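Me: I am new to this structure and would like to learn how to read its features. Please take them in turn.

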Amino acid sequence: MQTLRRIPTWISTLLVALFLFVFVYVANANGWITPYVYNVIQLAGISAISALGLNLIYGFNGQFSLGHIGFYAIGAYSSALITKEFTSRWSGTQFSALSWIIAGILGVILVILVIKRLRFDQIKKWLNSTLGELKGFERWILISLILLVIAAVIIVLGVAASWVLQKGLQALFDLLIPALPEAIGKNVLMLLALLAGGSLAALVAYLVGLPLLRLNSDYFGIATLGFAIVVYTLLQNSDLVIATMKGARGMVEIPRWTNWVWVAAVLSVLVFLLRNLVYSSYGRAIVSVREDEIAAKTMGIDIVQSKTLAFAIGGFYAGIAGGLYAHLVGFLHPSTFDFVRGFDPLIIIVFGGLGSMTGTLVASALFSAIIEGLRVILPQGFEDWRFVIYPILLLIIMLLRQQGLLGTTEWGWLRAPYAPIRDVPMVSGINSVNREVA
Amino acid sequence: MKLTWRRLPLKLIAWVIYALLAAGIVYGIIGLVRLNGSVFFIQAILDGLKLGFVYALIALGYTMVYGIVRLINFAHCDVFMVGAFASYYAITRFGWGFVPAILLAMVVCILLNITIERVAYKPLRNAPRITALITAIGVSFFLEYFTALKFAFGADYITYKRPFEVVVWDIGGVLISNITVIIVAVTILLLLLLLYVINKTKIGKAMRATSLDKTAARLMGINIDGIITLTFAIGAALAGAGGVLYAIAFPQIWTFMGIMPGMKAFVAAVLGGIGNIGGAVIGSLLMGEIEVLTVSFVPFGSRLRDLFAFLVLIIVFIVKPTGILGEPQVEKV
């Protein structure tokens, strides 16, 4: 019946994205916009990346996280350490931060894999036969001693592996990166730094999420808030361990390599990946956990896996965004990663609509426009009113549109490739889960 | 239990470990006491108590509001700040004493919190909870930045003038000031009053019913909106008193002073099991003690005080996911 095929959605979406990219690029190159506006646009893109990660955690997986800023901070600081070392050559060997971080990540992954491979039922059997009828505290203490020995062996293994890896990686980087021409080598290093920062954030998210994700929604939110404050305090005292991080004085002289091309490229790749994840079978599992955990479990979905997966990927997004932020402003201070600032991505995703990628993208642009636009609009002497008017706007928007700007609607290629399974707005799902808890 | 040859080495290992553990604990305590003196210990415990009781006053407001409407009222810490400022003006401008100042702070906070509840939260009663949470964050921002304007409280630190002279008693080396005594006395008084209202009066019964099941309570003829407003009012009164006491103990106030104590009090409420009044008090005392003991005994303690407080929170959650006194939540299908 259909004689005229519609234009595929990916074409229109690609066109819009290309238009936005070229428009900002040309506008900056020709000086149509001031460097300040250019900066704000990049910041909007960065906050969109971070908010997309949180939307995966809270909007799609229904896990109320207040600690997103912690992962953002981890990504920012670790990638800044890597590139700063390259430009200022503060340690004798050049790429030790990069190789240490990568080797550390790989070492921890190795340890996790080994622990997952361990046959705990076999160990239990062997313990039972060895310990006999030994009861009570003695039994407990012997079991924990044996487990400690096993853990120590694994950890020593991991440390040794990462030490060897670090030596190898450092030799490799010292050989390869200086061999590249400066323009390319810079970008390669930046990419490596972003990936390392993002992966470190993802790894921390996995390790933090594993014990905490079984908490109920509000408790999980508070626990992650606690995590964010722990990260903040550690950053404030980071100079006790790594002198270059400078703790509460703020880390300076980070190369300012982020530009619109980087932000746009990273944002589009991450949106592409997120969209494909959400509509894959893993994504459907993630969404089903939000809708009803018990029903999902009954359908054979590995709840722990999909929760930790969503949380780690969300942390990865935040880490990447943090890395871009560090190289945009060139200066990092712990107060940037205060938990009060951590509400920003949450406000963005609720404002845009939970579980809507389009909404998050639009909302982060609008959010930056409101915050920075007020700075421009307000007359002299009224600058202090910026954060008085902004919460009033927030209140009005929340009172008028309770489900967020776009609800759960998606636009263009971001729309689900299959018919929506339920017509019920996604927000109601989250709400009903919470009411169940009450 | 018979001691066989096969089990003997295991037994021996276990006993060695016992002995090592006991020796380690004893050695640690003796070392700490010899290093700092036992007086220092008692002093730290007392200071922690002082801080903990102030946290308790704030935490009660959080936990009661959460128990009834399941809302993390982020604006509560700013109500606390307004209480401190109200008493500051009462003391410096009008020359009022301690008791009228604290009463004024409580009244101002009650009015403020009722207004917030009516304007910002009531229209969202049936909205998704996250919307109300974002609104609460918005209200919090508004209060902080609006009061920081020049014609309001101003953005600077202000030195708080205590309404009474500080008297310090020296009891065997332990210093106790009348500030500690007043904080503990006022908190215990308010706490007893609160327990009386909640457990012995009809209104308290209605509040308990509302927090258990709102729909059923409404069917029993309880005025839900009234009860919610009342809960906000009681929470605000406690926060106002807490603000005055906090300002007396740490006499420096500014419009963002509420954020960190508020956050810690809230975490303390969650630590004790949110929605549970006894839990809030226990959690707050624990929080205050951890903070002061960290500052006193851990190297770089004053820089790491928040770290330990929140690490304890995370550890408690891993061991007991609903807090110390929280009832395990049964999953319903």
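Me: How many salt bridges are there over all chains?

Reply: Note that this is a predicted model. A salt bridge is read from a side-chain nitrogen of Lys or Arg within 4 Å of a carboxyl oxygen of Asp or Glu. By this rule, 12 salt bridges are found over all chains.

Me: Which residue forms a salt bridge with B:K264?

Reply: The partner of B:K264 is B:D306, and their closest N and O atoms are 3.0 Å apart. To place such a pair, look at where each residue sits along the chain. B:K264 belongs to helix α10 (residues 259-272) of chain B and B:D306 to helix α12 (residues 301-319) of chain B, so that the pair, 42 residues apart, links distant parts of the chain.

Me: Are B:K264 and B:D306 buried or exposed?

Reply: Both B:K264 and B:D306 are buried.

Me: Which residue forms a salt bridge with B:E291, and what does the pair tie together?

Reply: B:E291 forms a salt bridge with B:R305, with 3.0 Å between the closest N and O atoms. The pair ties together parts that are 14 residues apart in sequence, because B:E291 lies in helix α11 (residues 277-297) of chain B and B:R305 in helix α12 of chain B.

Me: What links B:E117, B:R118, B:R125 and B:D225?

Reply: These four residues, B:E117, B:R118, B:R125 and B:D225, are linked in a network of salt bridges. Within it, the side chains of B:E117 and B:R118 meet at 3.9 Å, N to O. B:E117 is buried, with a relative accessible area of 1%, whereas B:R118 is partly exposed at 40%.

Me: Now the pockets. What is the volume of the largest pocket, and how many residues line it?

Reply: The volume of the largest pocket is about 1200 Å³. Its lining has 38 residues, and A:V16, A:A17, A:L20, A:L267 and A:L361 lie nearest the centre. The elements that give two or more residues to this lining are α1 (9-29), α2 (35-60), α9 (260-278) and α14 (357-377) of chain A.

Me: Which element gives the largest share of the lining of the largest pocket?

Reply: That is α14(A), with 11 residues.

Me: How do the residues of this lining divide into nonpolar, polar and charged?

Reply: The lining of the largest pocket holds 30 nonpolar residues, seven polar and one charged.

How values were computed. Residues are numbered from 1 along each chain as its sequence is written. Chains are lettered from A and ligands numbered from 1 in the order in which they are written. This is a predicted model: local features need pLDDT of at least 70, side-chain atom pairs count only at pLDDT 80 or more; totals for chains, interfaces and linings use all residues. Side-chain values use heavy atoms; hydrogens and water are left out. On a 1 Å grid over the protein atoms alone, a cavity is a set of points where a 1.4 Å probe fits but cannot get out, and a pocket is an open set with protein on both sides within 12 Å along at least five of seven lines; lining residues have an atom within 4 Å of a point. Grid points are joined across faces, edges and corners, and a volume is the space filled by probe spheres set on the points. Helices (H or I, at least four residues) and strands (E, at least two) are DSSP runs, numbered from the N terminus. Ala, Val, Leu, Ile, Met, Phe, Trp, Tyr, Cys and Pro count as nonpolar, Asp, Glu, Lys and Arg as charged, and the others, Gly among them, as polar. Buried means under 20% relative accessible area, exposed over 50%, partly exposed in between (1.4 Å probe, protein chains only).
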